[in-house]
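The points follow one another from single residues to the whole chain.

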Amino acid sequence: MTSSSTPGLTRFNTLADGEATPALHEVCASAAWGETVLAGRPYATEEALLSASDAAMAELTAEDLAEAMAGHPPIGRPKPGDPTSSREQRGMAGASEELKTEMLELNLAYQERFGHVFLICATGATGEQMRDAVKSRIGNSPEQEQEIVRTELGKINRIRLTGLVRETLAEEAPVQDS
């Protein structure tokens, strides 16, 4: 991780609250998480921002976690028009119809058991790895699963926050004509 402040992090640190709040909501749908991360600005380093995210995630209540999970579509069905959702779930894009059908059935069984979507940090995972994860986790207790979900959300938030501060950097870079 970056050990010093970057232009993207500086831009994030100086965004008006009214601009930073929706950007953070795109990272995590939990209002409590977003408020905590927002209140910690300015961050000296990207790692400090990620650590603050982890700390905020650790403090979320069951209701806050439910709010965060509500911002995530089921695996295999990314939000239409949402490039982040599609990119994160890329491992299911080329999956066979059989695997997609199996994931739909597993997602429904998981949701019936736990009352929320199956949540996994899908970035870099294959469809088969996601299927195997839901199969192994469906037997967990609700308490075990809540902590696994918290960990998976933390991973997702780290990836998305890193993208957020690096995207702001890319947006500031001058466009070169070819």
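1. In which helix is methionine 130 found? Methionine 130 is found in helix H9 of what is a predicted model. With a relative accessible area of 0%, methionine 130 is buried, since the cut-off for that class is under 20%. Leaving aside residues up to four places away in sequence, methionine 130 touches Ile75, Gly91, Met92, Met103, Phe118, Ile120, Ala122 and Ala125.

2. Beyond its neighbours within four places in sequence, glycine 127 is in contact with Gly91, Met92 and Leu99. Lysine 100 lies 27 residues from glycine 127 along the chain, and their C-alpha atoms are separated by 8.2 Å.

3. The buried residues of H8 are Leu99, Met103, Leu106, Asn107, Tyr110 and Phe114. Viewed down the helix axis, these buried residues fall within an arc of 110 degrees, so they line one face of H8. Exposed on the other side of H8 are Glu97, Glu98, Glu105 and Glu112. Glycine 115 follows H8 and has a positive phi, near 85 degrees.

4. Arginine 131 counts as buried because its relative accessibility is 19%, and the cut-off is under 20%.

5. Glutamate 102 has a further salt bridge, with lysine 135, at 3.1 Å from N to O. Since glutamate 102 lies in H8 and lysine 135 in H9, the pair ties together parts that are 33 residues apart in sequence. Lysine 135 has a relative accessibility of 43% and so counts as partly exposed.

6. Glutamate 147 is partly exposed, because its relative accessible area is 40%; arginine 150, at 12% relative accessibility, counts as buried. Elsewhere, salt bridges that share partners join Glu102, Arg131, Asp132 and Lys135 into one network. The count of salt bridges comes to 11.

7. Is serine 30 buried or exposed? Serine 30 counts as buried, because its relative accessibility is 1%. Serine 30 has its place in the loop between helix H2 (17-27) and helix H3 (31-39). Its contacts, not counting residues up to four places away in sequence, are Leu60, Asp64, Glu67 and Ala68.

8. For the chain as a whole, the secondary structure comes to 10 helices and zero strands. Of the 178 residues, 43% count as buried. Among contacts with a separation of 6 or more, residues 24 or more positions apart account for 72%. The accessible surface comes to about 9,400 Å², and 54% of this area belongs to carbon and sulfur atoms.

9. The confidence of the prediction should be kept in view. The chain averages a pLDDT of 86, and 83% of the residues score at least 70. Over residues 169-178, however, pLDDT stays under 50, and the model has six contacts beyond four places in sequence for this stretch. Where pLDDT is low, the predicted coordinates should not be read in detail.

Terms used:
Residues are numbered from 1 along each chain as its sequence is written. This is a predicted model: local features need pLDDT of at least 70, side-chain atom pairs count only at pLDDT 80 or more; totals for chains, interfaces and linings use all residues. Side-chain values use heavy atoms; hydrogens and water are left out. A salt bridge is a side-chain nitrogen of Lys or Arg within 4 Å of a carboxyl oxygen of Asp or Glu. Buried means under 20% relative accessible area, exposed over 50%, partly exposed in between (1.4 Å probe, protein chains only). Helices (H or I, at least four residues) and strands (E, at least two) are DSSP runs, numbered from the N terminus. pLDDT is the predictor's confidence in each residue, from 0 to 100. Contact means heavy atoms within 4.5 Å. Accessible areas come from the Shrake-Rupley method with a 1.4 Å probe; for residues, only the protein chains shown count as cover. The arc is that of the directions from the helix axis to the C-beta atoms.
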